[in-house]
Amino acid sequence: MSILKGQCHCGSVKFEVQAPEGLQGLRRCDCSLCKRKGVAMATAKLAELSITEGADKLSLYEWNTKIAKHYFCSHCGIYTHHQRRAAPDEYGFNVACIDGIDLSDIGDIPMTDGITMSLVESE
């Protein structure tokens, strides 16, 4: 798997991730936003993820410190990716958006303690 292709539900937003070693940095997060999204994320450096179609269809959501930038399709509402707060040189992307990946085949995905990180940063 060197290039992963993904899209939102309606297909308005399409993206590619350069991933010569497959999915890296798999995780879930328990912060208030991620808990509600309920997605599994993988990691890519900023230069490794590109929007190939529908950049103009992306909506941006920021909260708390406004460092992280969360992107959603403005048509179907699916979260595709975000620029990370703790590592702004990385994207977290929604693994469920990647073509040919079934989350049930992945097994246990580690949980990141986003609750504590959010509380510390907002003090």
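1. Strands S1 (residues 3-7) and S2 run antiparallel and are joined by 5 bridges. Strands here are DSSP runs of E with at least two residues, numbered from the N terminus, and two of them pair if DSSP finds at least two bridges between them. Within this pair, Ile 3 stands opposite Gln 18 in S2. The two strands form a hairpin with 6 residues between them, and Gly 11 in the turn has a positive phi of about 85°.

2. A quick word on the basis: this is a predicted model, where local features need pLDDT of at least 70, side-chain atom pairs count only at pLDDT 80 or more, and totals for chains, interfaces and linings use all residues. Residues are numbered from 1 along each chain as its sequence is written, and side-chain values use heavy atoms, leaving out hydrogens and water.

3. S2 (residues 14-18) also pairs with S5 (residues 49-53), antiparallel and through 4 bridges; Lys 14 stands opposite Glu 53 there. In a regular strand the side chains alternate between the two faces of the sheet. In S2, Phe 15 and Val 17 make up the covered face, while Lys 14, Glu 16 and Gln 18 lie on the uncovered one.

4. Next comes an open sheet of 5 strands in the order S4-S9-S8-S7-S6, with antiparallel pairing. S4 (41-45) and S6 (58-61) stand at the edges with a single partner strand each, so one side of each has no neighbour in the sheet. Neighbouring strands of this sheet are turned by 25° against each other on average, direction ignored, with axes being lines fitted to C-alpha atoms and angles running from 0 to 180 degrees between N-to-C directions.

5. Inside that order, S7 (residues 69-73) and S8 (residues 79-83) run antiparallel, joined by 4 bridges. His 70 has His 82 in S8 as its bridge partner.

Technical notes:
Buried < 20%, exposed > 50% of the residue type's maximum accessible area, 1.4 Å probe, protein only.
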